Amino acid sequence: MDRPVYIAFEGAEGCGKSTQARRLAADLDAIHTRETGGTAIGERLRAILHDTSVTDLDDHAEALIIAADRAQHLAEVVRPALAAGRNVVSDRSVYSTLAYQGYGRGLPLDDLRRINGWAIGDTWPDLVVLLRVPEHVTRDRMSRRELDRFERAGDEFHRRVDDGFVEMADADPEHWVVVDASGPIDTVTATIRSIVRERLGL
Ligand code: TMP
């Protein structure tokens with residue numbers, strides 16, 4: 001590509017996407033960032049979202065807090081970086097909302113697309129890398145730490161989220177790539193690196 005690119009990593013908790021996003025960003029000398037919490041304002045919003053003492057957050061309110069985080073993130077980090085000619089690698093993106101708040105919580109996808117399209121000024125990722133690990137791996141990794149609000153949502157919820165990610169990837173192969181992340185970390189890194197080279201010429 002002859003312009004800077006915006007690459008997003010997506011996947012379930014414990015799939016290793018944070019490590020892989022960090023590695024790819026370092027390799028490409030790209031800006032590394034994340035949703036939620038990629039800005040100072042976003043960190044404050046993230047604290048509400050993850051707080052396990054918050055037990056009565058309405059699903060719509062949750063989606064809007066996340067959209068607010070995203071609007072700030074795009075305005076403060078992603079768009080300025082792209083405008084300055086830098087590639088961006090983000091740990092999660094607008095597609096997490098479609099998966100978690102849409103497929104997971106059951107909010108209408110069209111509404112979420114419209115609200116979030118507005119929040120991001122229609123700056124959608126150029127490439128989405130979806131990392132997948134078997135369900136038992138996710139469960140095993142989650143069993144070893146204290147769970148946040150999302151991680152406590154239960155197996156059924158996480159199954160719907162995972163199905164949502166796969167459905168979106170299947171429907172849009174031009175923008176999505178699915179990577180089996182169950183192998184050794186270095187192998188997954190190398191696979192992602194070669195896909196990015198092939199797809200984006202980076
Ligand atoms: P993280 O552990 O990858 O930072 O993700 C934190 C949690 O936030 C994860 O359980 C998914 C959730 N989340 C959403 O529900 N919707 C979103 O749009 C984003 C970005 C995250």
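Helices here are DSSP runs of H or I with at least four residues, strands are E runs of at least two, and both are numbered from the N terminus. The model is a predicted one, with local features needing pLDDT of at least 70 and side-chain atom pairs counted only at pLDDT 80 or more, while totals for chains, interfaces and linings use all residues. Residues are numbered from 1 along each chain as its sequence is written, and side-chain values use heavy atoms, with hydrogens and water left out.

Turning to the ligand, H4 supplies the largest share of the shell around it, four residues. The shell counts 14 residues in total, and those that come nearest are Glu-13, Lys-17, Arg-92, Thr-97 and Gln-101 (a residue is near if one of its heavy atoms lies within 4 Å of the molecule). By type, the shell splits into six charged, five polar and three nonpolar residues; in this scheme Asp, Glu, Lys and Arg are charged, Ala, Val, Leu, Ile, Met, Phe, Trp, Tyr, Cys and Pro are nonpolar, and the others, Gly among them, are polar.

For Glu-13 the distance to a ligand oxygen is 2.3 Å, and for Thr-97 an oxygen of the ligand lies 2.6 Å away. The protein buries 92% of the 480 Å² that the ligand exposes when taken alone (Shrake-Rupley areas, 1.4 Å probe). Helices H2 (40-50), H3 (59-83) and H4 (94-104) are the elements giving two or more residues to the shell.

Six aromatic pairs are found in the whole structure, one of them being Tyr-100 with Phe-165, an edge-to-face pair at 6.2 Å centre to centre and 75° between the planes. Rings of Phe, Tyr and Trp (its six-membered ring) pair if their centres lie within 6.5 Å, and planes over 60 degrees apart count as edge-to-face, under 30 as stacked and the rest as tilted. This pair ties together distant parts of the chain, as Tyr-100 belongs to helix H4 and Phe-165 to helix H7 (residues 155-171), 65 residues apart.

Most residues other than glycine have a negative phi, and most peptide bonds are trans. The Glu-35 to Thr-36 peptide bond is cis, with omega near -10°; Thr-36 is in the loop between strand S2 (31-34) and H2.

Note on methods: A polar contact is a pair of N or O atoms within 3.5 Å; within protein, one must be able to donate a hydrogen and the other to accept it, and residues adjacent in sequence count only if both atoms are side-chain atoms.
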